[in-house]
Amino acid sequence: MGLHDNDSARDGNAPPPGDQDTTMSIEKIFEAKEVPSWKDQITVRALVVALVLGVLFSFIVMKLNLTTGIIPSLNVSAGLLGFFFIKTWTKLIEKVGLLKQPFTRQENTVIQTCVVATSGIAFSGGFGSYLFGMSEVVAKQSSESNYANNIKNPSLGWIIGFLFIVSFLGLFSVVPLRKIMVIKFKLTYPSGTATAHLINSFHTPQGAKLAKKQVRALGKFFSFSFLWGFFQWFFTAGDDCGFVNFPSFGLKAYQNKFYFDFSATYVGVGMICPYLINISLLLGAILSWGIMWPLIETRKGVWYSADLSDSSLHGIQGYRVFIGIAMILGDGLYNFVKVLTHTLIALQKQLKNKESRTVLPVNTSSPDSTPPPLTYDDQRRTELFLKDQIPTWFAIAGYVIVAVISIITLPFIFHQLKWYYILVIYIIAPILAFCNAYGCGLTDWSLASTYGKLAIFTIGAWAGSANGGVLAGLAACGVMMNIVSTASDLMQDFKTGYMTLASPRSMFVSQIIGTAMGCVISPCVFWLFYKAFPGLGTPDSQYPAPYALVYRNMSILGVEGFHSLPDHCLTLCYAFFAAAIAINGIRDAVGKKWARYIPLPMAMAIPFYLGAYFAIDMCVGSLILFVWQKVNKAKADAFGPAVASGLICGDGIWTLPSSILALAQVSPPICMKFLSRQMNAKVDTFLSS
């Protein structure tokens, strides 16, 4: 869940897609350089660097997953670090006269693909959503459907097995369509295109110089962020201790989750995410924690029992969770219908105008107009893209074999998930994977989590409450999300490979290798968090995993209906569901010029459960970038993503030593806590007595 990869900010130092041909031919710059064979593009050094970066980014994505669920694009940092490591490696080997193969942009693309595939499993694996939502920790927060057949606690063995079974199907499902999507339909795939521009720029003389400076900036802020995390650790000896609980706007605001928690990670995320997302988060926090929840709490004892704790879903927590779910579902439904309609209309136009070879998306050219001649870049790229084919029989056979293995083995992991549920999913999944990959190529919007929610409601309701429907729905969500997510990711990689002359075979193989790495690395990283932080998944924990509770309650709603909600909660849910659809409709109706001033319902819903603290961090990041752009726009555009990536990576990697310290039972020496004047006087009196 969250603003994962496709929904986030674009890479700052990549030129906009489409600009290259009007200024200069990229491929003419590289004309003298020989393109290595697909086997030579996948080098041992590339895979070693991809493994190291895969571990780094898995920690970062896991931390974001378990805190807020907002995951920005990390393409800039993956590209920069991959370029830096291999460039350093080749220079050292060249000095001793042992360099056999120079570093190419194709090898850079392999690293990028492998790293994104590895860290992508940390998202699609559901460690902060459907998978952890099965656990007893999350089930205890909801009094409904807490039977043993609706609970499955995490275990390293079955998680790794589950991911290996379900994570490869999506790769086989869209391989036969790569030529149609990339060459024939000429879909844009903005994230893949931006990544390709980034990699191409690194390997030009001017781009290499800029990349070195960007790596230096990333390194500085990585060090600062890591040391800042280390410094903060010393003050966290007890509950509610440390800078993360600093009541920046006063104790009353702090009680309502309004404070700046000094998180370098979310300041960095705020610098990467568009301004509109950050403002939407802040508006959602003000609406919920600033207005709605205080008002609803005045009805305590009337709308819900006064004896209930704040964490009970029959009390105030029920309003926080279910109204947020209503907004997420409203936004998801609107965008699902919108993207699906856009996809079907565009596909119909493409097929209708097959003879005239109309390029999608159609903007100004009429269907009867003569198609423009191919540029040198397009000719060169098409020639090499079609050179190394992946046989269609191989993709179909791979899909069928993996599907059969999955249908046989998955019921042993989840006995509630019957083999015929899985069969139905695998029959429908290729169609949904195609729709998602096609829609992603047009809009850059992946609806993987929306398709996952569709599986929650359909399979959960089919299974029924008595037969473990809640767990069956969550497991089905995992199966569907993994297929659809990896399919659109692979197609983005094919587009990147097309524009960097990387072979489709090397892209496919590196995606397979990266996915396999992720199936081992991500569960191990999650297990480290799970064992090191005992309160993980609880509302007041450092890692509350908010979407785990959200996904579990979606599954409960799908199985048991709405009777468990507190008074008037359903009415408010209907209102916010309708409001999410209406706001999205207004955004599309007014056009891009005015839509940038209208908040995003999906982003507004996230703080409903969590509070405002991370939204304030992200707005601070936005403010830093805004001021920087006003002072020196060129420098901010060039170095902003690198600085943000350094802040995210440093704080993210600090979780590794902090987890090890927690496992070794090494406690911080100091507790820094903030008390009101009255409470402080009571403490002083107690101590003096």
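What is the handedness of the disulfide of Cys241 and Cys671? The legends below begin with that pair.

This is a predicted model, in which local features need pLDDT of at least 70 and side-chain atom pairs count only at pLDDT 80 or more, while totals for chains, interfaces and linings use all residues. Residues are numbered from 1 along each chain as its sequence is written, and side-chain values use heavy atoms, with hydrogens and water left out.

**View 1. The disulfide of Cys241 and Cys671.** The disulfide is left-handed, because the torsion about its S-S bond is about -60°. Cys241 sits in the loop between helix H12 (205-233) and helix H13 (251-255), and Cys671 in the loop between H29 and H30, so the pair ties together parts that are 430 residues apart in sequence. Helices (H or I, at least four residues) are DSSP runs, numbered from the N terminus. The two sulfur atoms are 1.8 Å apart; a disulfide is a pair of cysteine sulfur atoms within 2.5 Å. The structure holds 1 disulfide. Cys241 is buried at 3% relative accessibility, whereas Cys671 is partly exposed at 39%. Buried means under 20% relative accessible area, exposed over 50%, and partly exposed in between (1.4 Å probe, protein chains only).

**View 2. Met672 and its contacts.** Met672 is in the loop between H29 and helix H30 (677-688). The C-alpha atoms of Met672 and Cys241 are separated by 5.1 Å, although the residues are 431 apart along the chain. Beyond its neighbours within four places in sequence, Met672 is in contact (heavy atoms within 4.5 Å) with Phe235, Asp240, Cys241, Gly242 and Phe243.

**View 3. Helix H28, residues 613-631.** Among the buried residues of H28 are Tyr613, Phe614 and Cys619. Their cover includes helix H14 (264-272) and helix H29 (633-663). The sulfur of Cys619 is 11 Å from the closest cysteine sulfur, in Cys273, too far for a bond.

**View 4. Positive phi at Leu501 and His568.** Most residues other than glycine have a negative phi. Leu501 has a phi near 65° and lies in the loop between helix H21 (469-500) and helix H22 (504-532). His568 has a phi of about 65° and lies in the loop between helix H23 (546-560) and helix H24 (569-590). Leu501 is buried, at 5% relative accessibility, whereas His568 is partly exposed, at 45%.

Methods: Helices (H or I, at least four residues) and strands (E, at least two) are DSSP runs, numbered from the N terminus. The expected span of a helix is 1.5 Å times one less than its number of residues.
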